[in-house]
Amino acid sequence: MMTKYYLSRALFAIILAALMAAFGLIWWGAALIGLAIFAGFVVVGRSGRYVVDPKGGAAPMRRDELGQEINRRAGLSGFVTLILGLGALTIYYGGIAHSSVPVNLLEALLVLGLLAYILTDYRLRKM
């Protein structure tokens, strides 16, 4: 049912690995990255995150309405977390400390926003 999908993604992973090897990455490193890319496609195909439409050929996966709503809510959660954190940093470093915001705090804020997205997505999919 998903044979065309897996074949097309295997070809894509092989092409990417060949390009990486051609641009100087050691061959076994490119092969490992190619395998990891293909494994990612296999996981996505079996994750249940998408509705599989066998008539789709090489692109059989579609999102249903529930998946789109979950993605929207999780994205909103991550965005709000990021904006509130950025607002707090702006107030503290702009009004209280009167100095520049350290880059490591901005990186931590990005990770926090991503975690909020991932955890919200996971929680909503398990409901």
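Guide: Accessible areas come from the Shrake-Rupley method with a 1.4 Å probe, and for residues only the protein chains shown count as cover. The protein exposes about 8900 Å², and carbon and sulfur atoms supply 72% of that area. This is a predicted model, in which local features need pLDDT of at least 70 and side-chain atom pairs count only at pLDDT 80 or more, while totals for chains, interfaces and linings use all residues. Residues are numbered from 1 along each chain as its sequence is written, and side-chain values use heavy atoms, with hydrogens and water left out.

Visitor: Why is T120 called buried?

Guide: Buried means under 20% relative accessible area, exposed means over 50%, and partly exposed lies in between (1.4 Å probe, protein chains only). T120 has 13% relative accessibility, so T120 counts as buried. T120 lies in helix 4 (residues 103-125); helices (H or I, at least four residues) and strands (E, at least two) are DSSP runs, numbered from the N terminus.

Visitor: Which residues is T120 in contact with, leaving aside its neighbours within four places in sequence?

Guide: They are R73, A74 and S77, where contact means heavy atoms within 4.5 Å.

Visitor: How do you know that the span of helix 3 is close to the expected one?

Guide: The expected span of a helix is 1.5 Å times one less than its number of residues. Helix 3 has 32 residues, and its 45 Å from first C-alpha to last is close to the expected 46 Å. Its buried residues, including G67, A74 and Y93, pack against helix 4.

Visitor: How does the radius of gyration of the protein stand against that of a compact globule?

Guide: The radius is taken over C-alpha atoms, and the globule rule is 2.2 Å times the number of residues to the power 0.38. For 127 residues a compact globule would have a radius near 14 Å, but the protein has 20 Å. Its C-alpha atoms fill a box of roughly 60 × 45 × 20 Å along the principal axes.
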